Amino acid sequence: MTSTYIKTKRERCCMSEDEPNSEGLMERQTTGEDRVRMTARQLSEPQTANWIASEAGWSHEPTKRVLDRLVDDGILHRDESGTHTTYYPDYRRQAMQEAMRLRDSGHTVEELTDRLADMKTQIRDWEGEFGVESPNQLRGTLADESLDGDEEDRRREIAREWEHLQRRIQIVGFAIREWDFLAPTTEPAEASS
């Protein structure tokens with residue numbers, strides 16, 4: 001089973017053309033269950049079934065049934081300790097699968113190192129542009145009454161991309177550090193002629 005991550009606009013621009021565009025993949029998904037599975041696996045923070053159903057464009061009850069199956073299969077965790085039941089993926093599993101996918105993608109370790117540098121440069125650019133050091137500090141600038149609605153939306157989107165890039169940096173960094181460990185243990189058998 002392969003996992004699909006929605007990449008930020010910045011990441012998509014830095015990817016080679018041979019990698020699938022996950023936005024296109026999301027649009028091509030035809031069933032509600034597929035969209036729920038994809039949405040649930042990409043959660044960066046716990047969310048309710050209602051939120052996931054809304055993101056997946058599906059109704060609540062079938063979404064909840066899919067989420068419960070994903071919990072039973074060990075793909076998602078369910079947290080019932082708060083006011084609302086929330087779901088979140090096993091982030092360790094996600095990180096390991098993504099690192100393995102990166103290792104098996106056909107890219108070289110140098111290409112991944114370049115991607116890592118590009119992501120870090122993007123974050124430094126945002127830090128410089130807004131004079132902040134974190135996505136939450138950027139969100140804090142929304143209190144500025146001189147901002148118009150478009151600029152507020154832009155800063156919210158950048159804050160989300162910033163958090164996503166921070167997670168991606170950890171995963172790509174892990175894949176680079178463990179490059180040899182993540183190598184396939186067996187080469188595919190050659191076809192006999």
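## A question to start

Why are Arg37 and Glu33 separated by about one helical turn? Because the two sit 4 residues apart in helix α3. A salt bridge here is a side-chain nitrogen of Lys or Arg within 4 Å of a carboxyl oxygen of Asp or Glu. Arg37 is partly exposed, with a relative accessible area of 22%, and Glu33 is partly exposed too, at 26%. For these labels, buried means under 20% relative accessible area, exposed means over 50%, and partly exposed is in between (1.4 Å probe, protein chains only).

## What you are looking at

This is a predicted model, in which local features need pLDDT of at least 70 and side-chain atom pairs count only at pLDDT 80 or more, while totals for chains, interfaces and linings use all residues. Residues are numbered from 1 along each chain as its sequence is written, and side-chain values use heavy atoms, with hydrogens and water left out.

The protein has 9 helices and 3 strands, and along the sequence they run α-α-α-β-α-α-β-β-α-α-α-α. Helices (H or I, at least four residues) and strands (E, at least two) are DSSP runs, numbered from the N terminus. Of the 193 residues, 36% are buried. The protein exposes about 11800 Å², with carbon and sulfur atoms supplying 47% of that; accessible areas come from the Shrake-Rupley method with a 1.4 Å probe, and for residues only the protein chains shown count as cover. Among contacts with a separation of 6 or more, 62% are between residues 24 or more positions apart, where contact means heavy atoms within 4.5 Å.

## Helix α5 and what follows

Helix α5 covers residues 60-72, and at 1.5 Å a residue its 13 residues should span 18 Å. The end C-alpha atoms are 18 Å apart, which agrees. (The expected span is 1.5 Å times one less than the number of residues.) The buried residues of α5 are Pro62, Thr63, Val66, Leu67, Leu70 and Val71, and they pack against α3, α4, β2 and β3.

Just after α5 comes Gly74, which takes a positive phi of about 80 degrees. Gly74 is touched by Arg93, as is Ile75, leaving aside residues up to four places away in sequence. Arg93 belongs to helix α6 (residues 91-104) and counts as partly exposed at 36% relative accessibility. The C-alpha atoms of Arg93 and Ile75 are 8.3 Å apart, although 18 residues separate the two along the chain.

## Two nonpolar cores

In soluble globular proteins, nonpolar side chains tend to be buried together. A nonpolar core here is a set of buried Ala, Val, Leu, Ile, Met, Phe, Trp, Tyr and Cys residues joined through side-chain atoms within 4.5 Å. The largest one has 19 residues, and the members touching the most others are Leu102, Trp126, Phe130, Leu138, Trp162 and Val172. Helices α6, α7 and α9 each bring at least two residues to this core, and α9 gives the largest share, 7 residues. A second, separate core holds 13 residues, including Leu43, Ile52, Ala56 and Val66.

Beyond its neighbours within four places in sequence, Trp162 is in contact with Ile123, Trp126, Glu127, Val132, Glu133, Ser134, Pro135 and Leu138.

## A buried strand residue

Which residues does Thr86 touch, not counting those up to four places away in sequence? They are Pro46, Gln47, Thr48, His77, Arg78 and Asp79. Thr86 lies in strand β3 and counts as buried, at 14% relative accessibility.

## More charged pairs

Side chains of opposite charge can pair when their charged atoms come close. By the salt-bridge rule, the count comes to 14. One of them joins Asp90 and Arg92, with the closest N and O atoms 3.6 Å apart.

Another salt bridge links Arg156 and Asp153 at 3.1 Å, N to O. Both lie in helix α9, 3 residues apart, about one turn of the helix. Arg156 is partly exposed at 35%, and Asp153 is partly exposed at 45%. Elsewhere, Lys64, Asp68, Arg78 and Glu80 are linked in a network of salt bridges.
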